[in-house]
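This report walks through selected features of one structure.

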Amino acid sequence: MINIKNQTDIEKMRKACRITAGALKLAGQSIKPGMTTSELDRIIRNFIEQNGAKPSFLNYNGFPASACVSVNDEVIHGIPGNRVLLEGDIVKVDVGAYYLGFHGDCANTFPVGDVSDEALHLIDVTRQSFFEGVKGIKDGSRVGDIGSQIQNYVEMNGYSVVRDYIGHGVGEHLHEEPDVPNYGRAGHGPRIYKGTTIAIEPMVCQGLHHVRTLDNEWTVVTKDGKLAAHYENTVLITETGVEILTEA
């Protein structure tokens, strides 16, 4: 069942999402060559907790950190640790904060120092595919309208969309209905109505869309070893469009 939020719920969601967005913004400002992914995780956790919230991901289904930090060919669910970020890397940071009974969820891909033009283009296309995905979305739209717009834009730019992992509803639970694939057919899928909050998160591969999970049972990487990028926001469906709740 898709949970429709009332106005009180939405105001709490806005507050949770502001903290989430602030943590992600700080992460982007903090990234530099020579820092470890665990140092980045500590910065994110400290910000969330200093704002009176809890990291949504910490111990979620056993995940051992406050943020997912995924580098280069790692798509999502990278576990922070001793890995040192190097000049030219691209790093995906996925953050969630739980506040007043609701979750916010967002992600972005950041360059580490000077990176290749191709990597920057992949990052830009992934980010823009999110905005293409929400064009025209409003009360009564179908989930397939989002995915088809994302897929069309990504493939038009010569990249591929991950099929194995998708977006989702978000609210009192980190993952709720409906599923929100980043691919699909316009006019298909469940309808989304005013008051629905969903996390839309394109995951885009430089090469083929096939992925695999590492032996740590979390980190997802591209099978062909090529780069991947990730961009995500929590959005509220309104009568006339969407309100991006986690846009910093």
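Two strands pair if DSSP finds at least two bridges between them. The model is predicted.

Three strands make up an open sheet, ordered 3-14-13, with antiparallel pairing. Its edge strands are strand 3 (74–76) and strand 13, and each of them pairs on one side only. On average, neighbouring strands here are turned by 40° against each other, direction ignored. Strands of a sheet pair through backbone hydrogen bonds, either parallel or antiparallel.

How many bridges join strand 13 and strand 14? The two strands pair over three bridges, in the antiparallel sense.

Glu74 belongs to strand 3. Is Glu74 buried or exposed? Its relative accessibility is 12%, so Glu74 counts as buried. The cut-off for buried is under 20%.

The C-alpha atoms of Glu74 and Val221 are separated by 4.2 Å. Along the chain, these two residues are 147 residues apart. Setting aside residues up to four places away in sequence, Glu74 touches Val69, Arg83, Lys92, Thr219, Val220, Val221 and Ala228. With one of these, Arg83, the side chain of Glu74 also makes a polar contact of 3.2 Å.

**Ser129, in helix 3**

Ser129 lies in helix 3 (residues 117–133). Its relative accessible area is 0%, and therefore Ser129 is buried. A polar atom of the Ser129 side chain lies 2.7 Å from the backbone oxygen of Thr126. Beyond its neighbours within four places in sequence, Ser129 is in contact with Ile150, Tyr153, Val154, Pro202 and Val204.

**Aromatic rings**

Searching the whole structure gives four aromatic pairs. One of them is formed by Phe63 and Trp218; this pair is edge-to-face, at 5.0 Å centre to centre and 80° between the planes. Where do the two partners sit? Phe63 is in the loop between strand 1 (54–55) and strand 2 (67–71). Trp218 is in the loop between strand 13 (211–213) and strand 14 (220–222). The pair thus links distant parts of the chain, 155 residues apart.

Phe130 and Phe131 also pair. Their ring centres are 5.0 Å apart and their planes stand at 90°, so this pair is edge-to-face. The cut-off for that class is over 60 degrees.

| Residue | Relative accessibility | Class |
|---|---|---|
| Phe63 | 3% | buried |
| Trp218 | 21% | partly exposed |
| Phe130 | 0% | buried |
| Phe131 | 18% | buried |

Why does Trp218 count as partly exposed? Trp218 has 21% relative accessibility, and buried requires under 20%. Phe131 is at 18%, so Phe131 is classed as buried.

**A charge over a ring**

Which residue places its charged end over the ring of Tyr183? That residue is Arg163. The charged end of Arg163 is 5.2 Å from the centre of the Tyr183 ring.

**Places to look in the model**

Begin at the sheet, ordered 3-14-13. Go next to Glu74 and its polar contact with Arg83. Then view the ring pair of Phe63 and Trp218.

Notes: Residues are numbered from 1 along each chain as its sequence is written. This is a predicted model: local features need pLDDT of at least 70, side-chain atom pairs count only at pLDDT 80 or more; totals for chains, interfaces and linings use all residues. Side-chain values use heavy atoms; hydrogens and water are left out. Rings of Phe, Tyr and Trp (its six-membered ring) pair if their centres lie within 6.5 Å; planes under 30 degrees apart count as stacked, over 60 as edge-to-face and the rest as tilted. Helices (H or I, at least four residues) and strands (E, at least two) are DSSP runs, numbered from the N terminus. Buried means under 20% relative accessible area, exposed over 50%, partly exposed in between (1.4 Å probe, protein chains only). A charge sits over a ring if NZ of Lys or CZ of Arg is within 6 Å of the ring centre and within 35 degrees of the ring normal. Axes are lines fitted to C-alpha atoms, for helices over the stretch in contact, and angles run from 0 to 180 degrees between N-to-C directions. Contact means heavy atoms within 4.5 Å. A polar contact is a pair of N or O atoms within 3.5 Å; within protein, one must be able to donate a hydrogen and the other to accept it, and residues adjacent in sequence count only if both atoms are side-chain atoms.
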